[in-house]
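Me: I would like to learn how to read a model of a complex with a ligand. Can we go through one step by step?

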Amino acid sequence: MTHVSLKDLTKVYPGSKVPSLDRLSLEIPTGELTALLGPSGCGKTTTMKMIAGLLTPTSGDVTFDDRSILREKPEHRGVVMVFQNYLLFPYMSVADNIGFGLKMRKVDKAEIDRRVGEILDLVKLPDLGKRRPSELSGGQQQRVALARALIVQPKVLLLDEPLSNLDAHLRFEMRDLIRSLQQEMGITTIFVTHDQEEAVVLADKVALILEGRLCQYDQADVFYKRPANEAVARFFGGQNFIAGQSTGAAFDSPLGQLTLPQGAIAGKGTLTFRPENVKIGEGQSNSLNATLEDRIYLGTQTRLRLRVGDTMIEAIANPDEVGGFDVGGPVPIHLPPQTLWVLQ
Amino acid sequence: MHNDSPWLRAFRGLAGAVLIVWLVLPLVPLAIWSFARGWFFPDILPKQWTLSAWEYALSERAGVIDSLGLTIGISLAATALSILVGVPAGRALGLYKFRGKELVELLILAPTIVPGIAVALGIHSVFITLGLNNTVGGVVLVHLVPTLPYMVLVMSGIFANYDPAFESQARSLGASWLKTFWYVTFPAILPGIIVGGLFAFLVSWSQYILTLLIGGGRVVTLPLLLFNFATSGRNDITGAIGIVYILPGIIILILTARHLSGRNGAVGGFGRI
Ligand SMILES: Nc1ncnc2c1ncn2[C@@H]1O[C@H](COP(=O)(O)OP(=O)(O)OP(=O)(O)O)[C@@H](O)[C@H]1O
Ligand SMILES: [Mg+2]
């Protein structure tokens with residue numbers, strides 16, 4: 001039961017001029033699961049290490065329940081970090097690896113054995129306790145690393161890309177397992193990923209970090225509907241960005257005048273809408289006559305490149321809907337107002 | 001290493017055979033001498049055999065047993081100190097980049113390049129002021145000059161292939177730094193400590209000039225004793241002491257042969273000598 005908060009957390013590695021993490025502030029409520037999302041090198045691992053006490057921040061603070069923990073040693077913080085590359089101790093059996101945290105807490109041998117057996121079942125690796133880590137597959141190692149962290153029931157759990165090496169099937173299973181265990185135990189969890197889908201499915205809230213800076217911290221759906229800026233929208237798969245002028249109710253651009261949803265900002269801005277929200281056919285408003293420039297069939301969906309005047313629009317449609325249109329020919333489309341959003 | 005050609009295997013077999021012959025051959029006359037009652041020119045083997053040289057060598061009078069104990073003690077102490085200093089030094093050199101690293105490496109290697117007698121004369125004058133001359137402690141300390149480079153090089157080789165993130169992981173799981181060292185670091189570097197320690201032991205074991213200069217003739221280790229008998233012309237007793245003296249080296253060589261096969265990083269550091 002721990003409320004974690006990061007206050008202007010900054011890290012400048014020795015010898016580097018730019019901060020690898022720049023004034024990150026986050027509130028992570030008790031028992032919630034937050035995803036740190038961002039491309040490679042944006043500072044995710046750096047953040048985790050500072051929370052775990054394995055790296056000293058250049059400035060800023062980390063508090064658990066309003067108490068700064070920066071002075072506490074890593075082993076006293078009640079935080080367990082699961083690393084990207086699992087780091088199973090090569091000289092110990094799988095069971096000894098998993099039991100390591102309990103042994104350090106002086107739990108007696110019989111109790112450790114019992115709990116290790118339990119958790120091995122939970123991560124679906126019964127019978128593997130006697131093996132060496134080197135005798136496991138990457139996915140199995142990852143599950144052992146997870147089990148080794150969960151068994152000590154930490155106050156705060158830090159998971160650095162815990163699902164990256166699992167195949168699709170196992171990934172879904174482990175994702176659900178992490179979610180259910182985390183909720184059952186009420187462990188405040190921070191979860192690193194560079195996969196937006198994983199973040200969206202798993203997390204209560206998502207923190208998107210680009211180049212060491214927090215770009216947006218919100219519930220997952222907000223990133224799709226109300227991205228904070230173009231970089232955020234692009235990270236989440238946005239492809240349509242059209243400059244123009246907003247009145248708050250309508251948007252003037254080379255596409256003509258488009259009706260906006262309520263709450264849109266006024267002034268100069270960039271209109272954005274997601275490819276999957278471009279609808280084929282005439283609509284009640286925001287109807288446009290487009291020309292089909294190109295199409296790519298992707299199985300369950302078809303990607304379309306459309307041109308309206310001189311403006312290119314990316315769209316994703318149901319293959320059945322667009323089968324009848326020819327490349328080079330006209331396609332009627334409309335943009336439902338509630339799917340539009342204006343960026344500053 | 002894994003798909004050796006037959007040629008390579010044959011070559012290694014040959015190299016092994018040469019090594020053994022080269023090591024064992026000089027010991028043969030030594031062994032024969034120790035059991036001979038006179039051994040004169042045209043004879044291929046002595047005419048008469050006796051145990052008297054061994055009886056003398058192992059008697060209280062000869063001082064061989066005392067000297068053996070002393071030599072073992074000095075070499076063990078020098079080895080222990082080498083490990084104590086060499087492990088952290090090897091870690092710093094193997095894991096981290098820092099300013100002046102090349103200079104530190106050079107300084108550590110220097111004793112293996114500079115003639116021992118030059119070093120010893122310098123240390124001799126320093127030890128006079130410290131009152132360490134003619135003491136066992138002084139001899140142990142001066143033995144560190146040639147033993148430390150080996151220890152540090154072996155350990156820096158080990159640490160160059162070591163991922164300190166394992167230590168972070170252990171800390172995060174609740175281990176104090178002491179327990180982290182014991183459960184995580186130590187098992188990983190143990191092969192290096194063994195190989196480096198055995199080398200340090202052997203290097204200390206074979207010191208002559210340093211012991212003579214700093215010990216001032218009062219600290220009589222086996223090589224000094226051996227030299228005394230050799231120069232006095234008693235080939236039979238020299239042979240017996242020689243065998244006693246050489247035995248640890250052979251045992252250690254056999255013990256380390258496995259570690260020296262190049263399959264681990266323990267000897268990687270030697271590439272830099
Ligand atoms: N020890 C270090 N010294 C100097 N710079 C470092 C160090 N560790 C990381 N960095 C730099 O800090 C930045 C952030 O690194 P970090 O490991 O936090 O990235 P990440 O978001 O975890 O990336 P990935 O998804 O690839 O794991 C990178 O630009 C990296 O080069
Ligand atoms: Mg990382």
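Me: Which backbone atom of A:Gly41 lies by an oxygen atom of ligand 1, and at what distance in Å?

Reply: This is a predicted model, and in it a backbone N or O atom of A:Gly41 lies 2.7 Å from an oxygen atom of ligand 1. Two side chains also belong here. A polar side-chain atom of A:Ser40 lies 2.5 Å from an oxygen atom of the ligand, and for A:Lys44 the corresponding value is 2.8 Å. The protein buries 59% of the 640 Å² that ligand 1 exposes when taken alone.

Me: Which residues are around ligand 1?

Reply: The list includes A:Tyr13, A:Ser20, A:Gln84 and A:Glu161. Also on it is the run A:Ser40, A:Gly41, A:Cys42, A:Gly43, A:Lys44, A:Thr45 and A:Thr46. By class, the shell divides into 2 nonpolar, 7 polar and 2 charged residues.

Me: How much should I trust the coordinates in chain A, and what is its mean pLDDT?

Reply: Where pLDDT is low, predicted coordinates should not be read in detail. Chain A averages 91, with 100% of its residues at 70 or above. Among its elements, helix α2 (residues 94-104) of chain A has the highest mean, 96, and helix α5 (residues 168-185) of chain A has the lowest, 85.

Me: And what is the average pLDDT of chain B?

Reply: Chain B averages 84, and 92% of its residues score at least 70. Confidence is highest in helix α8 (residues 165-172) of chain B, at a mean of 94, and lowest in helix α1 (residues 6-24) of chain B, at 80. Residues 262-273 of chain B have a pLDDT below 50, although this stretch has 26 contacts in the model beyond near neighbours in sequence. For the complex, the predictor gives an ipTM of 0.83 and a pTM of 0.81.

Me: How many helices and strands does chain B have?

Reply: Chain B has 12 helices and 0 strands. Its C-alpha atoms fill a box of roughly 70 × 60 × 35 Å along the principal axes.

Me: How do I read the interface, and how much area do the two chains bury between them?

Reply: The size of an interface is often given as the accessible area lost when the parts come together. Here chain A and chain B bury about 1,800 Å² between them, 65% of it on carbon and sulfur atoms. In chain B, the residues that lose the most area to chain A are B:Gln169, B:Ser172 and B:Leu173, together 35% of what that side buries. The contact takes 25 residues from chain A and 18 residues from chain B.

Me: Where in chain A is A:Leu54, and which residues does A:Leu54 touch?

Reply: A:Leu54 is in the loop between α1 (44-52) and β4 (59-64) of chain A. Leaving aside residues up to four places away in sequence, A:Leu54 touches A:Lys49, A:Pro74, A:Met81 and A:Phe83, along with B:Ser168 and B:Arg171. The C-alpha atoms of A:Leu54 and A:Lys73 are separated by 8.7 Å, with the two residues 19 apart along the chain.

Note on methods. Residues numbered from 1 in each chain as written. Chains lettered and ligands numbered in written order. Heavy atoms only, no water. pLDDT = per-residue confidence, 0-100. Helix = DSSP H or I, 4+ residues; strand = E, 2+ residues; numbered from the N terminus. Near = heavy atom within 4 Å. Polar contact = N/O pair within 3.5 Å; in protein donor to acceptor, adjacent residues only side chain to side chain. Areas by Shrake-Rupley, 256 points an atom, 1.4 Å probe, with all protein chains shown as cover. Nonpolar A, V, L, I, M, F, W, Y, C, P; charged D, E, K, R; others polar. Contact = heavy atoms within 4.5 Å. Buried area = accessible area lost by both parts, 1.4 Å probe.
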